[in-house]
Amino acid sequence: MGQTAAVLALIFFLTEALPGDAAVALAGDNPDPQRIAVIREAMRLDRPAPERFLQWAGGLLHGDLGSSLVTSRPVSSYLADGLGPTLLLAALTLVPLVPLSVTLGVLAAGREGGPLDRLISSATLAVYAVPEFAFGVLLTTVLALRLGWLPPTAIGGVRADPAVLVLPVLVLLARPVCSISRLVRAGMIEAMASPYVAQARRYGISAARLRWTHALPNALAPAVQQLARTCDWLLCGVIVVESLFVIPGLGTVLLDAVAARDVPVVQGLAVVFALVTVLLNLAADLVARRFAPRSQVAA
């Protein structure tokens, strides 16, 4: 309970510290100070921050995220508008992420130090070192502008042309595949050197069965935790990707709210992101415990 209150207080007072003033933005160009004061009073911005925090936190207890200072729309409606494209992007990223990462990790670990291992390790390290924005610009320049294979942005709408999602998904997929595959590789190398795999090898079990049935489950625990952090990271990554490719998701909603100094919308999104982070990490801990070797679980 105390940690929840601390998180809410941190979200509220950090967003309060954002530069600018919604009342000034609403007052227009060359605003009259008296008009600004009237707007601030109408929006209750003239009240002390602790009082507004208690009112906001009390509303959260009843599922009320507040209303936009700019449009007076409920914050929940902004979430509903942006949730669809963001969930679609996240789903299209997560579906190929696990099989691709596991396959690359297992293939690299199969011949430790060999040509395939060096190729996969070097490629994943190089891609991981490139920031999402730079990687997105590079893919857009090559695949969209020069080769013309894909649309560069989603201005026409996702429904009008689903191909607009290919570049954003590639950008979101690149770094997680690199990090998770390297963790799977390290876990597989350790698992393949363990006594129980050596014993199974003496029983004449095939190399493929050893790798996929016996070693892989024990190599997945750290990868599962990284997958949860990846889902976490997706919430931040979509902000960059949606901005770059003009996709109307939660990232775009957040950037527009920050630009307009629409504090309740920023706060509502921050609360949702924090809640998702907690749930994902809890699920990751439970799944990692399920995949952990029995000796570790017993300890």
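Modeller: The structure holds one cavity of 30 Å³ or more. A cavity is a set of points on a 1 Å grid over the protein atoms alone where a 1.4 Å probe fits but cannot get out. The model is predicted, so local features need pLDDT of at least 70 and side-chain atom pairs pLDDT 80 or more, while totals for chains, interfaces and linings use all residues. Numbering starts from 1 along each chain as its sequence is written, and side-chain values use heavy atoms, without hydrogens or water.

The largest cavity has about 40 Å³ of space (the volume filled by probe spheres on grid points joined across faces, edges and corners). Its lining is Leu104, Gly105, Ala108, Ile120, Ser121, Thr124, Ser181, Arg182 and Arg185; lining residues have an atom within 4 Å of a point. Helices α5, α6 and α8 each give two or more residues to this lining (helices are DSSP runs of H or I, at least four residues, numbered from the N terminus). By class, the lining has three nonpolar, four polar and two charged residues. Asp, Glu, Lys and Arg count as charged; Ala, Val, Leu, Ile, Met, Phe, Trp, Tyr, Cys and Pro as nonpolar; the others, Gly among them, as polar.

Now take the helices in pairs. Helix α6 spans residues 115-128, and helix α8 spans residues 166-192. Their axes come within 8 Å and cross at roughly 140° (axes are lines fitted to C-alpha atoms over the stretch in contact, with angles from 0 to 180 degrees between N-to-C directions). The crossing of α6 and α8 is left-handed (the near helix is turned anticlockwise from the far one by less than a right angle; clockwise would be right-handed).

On the α6 side, the contact uses Asp117, Ser121, Thr124, Leu125, Val127 and Tyr128. On the α8 side stand Ala174, Arg175, Cys178, Ser179, Ser181, Arg182 and Arg185. Contact means heavy atoms within 4.5 Å. Five nonpolar, four polar and four charged residues make up this contact. Look back at the cavity: Ser121 and Thr124 of α6 are in its lining too, and so are Ser181, Arg182 and Arg185 of α8.

Helices α5 and α8 pack at about 35°, with axes 7 Å apart. Their crossing is right-handed. The contact of α5 with α8 has 20 nonpolar, four polar and one charged residues.

Helix α5 covers residues 75-110 and also packs on helix α12, residues 250-259. The angle is about 135°, with the axes 7 Å apart, so α5 and α12 are oblique to each other. Here Tyr78, Leu79, Gly82, Leu83 and Thr86 of α5 meet Leu250, Gly251 and Val253 of α12. This contact has five nonpolar, three polar and no charged residues.

Key:
Parallel < 35°, antiparallel > 145°, perpendicular 65-115°, else oblique. 1 Å grid on protein atoms, 1.4 Å probe; cavity = no way out; pocket = protein on both sides within 12 Å on 5 of 7 lines; lining within 4 Å.
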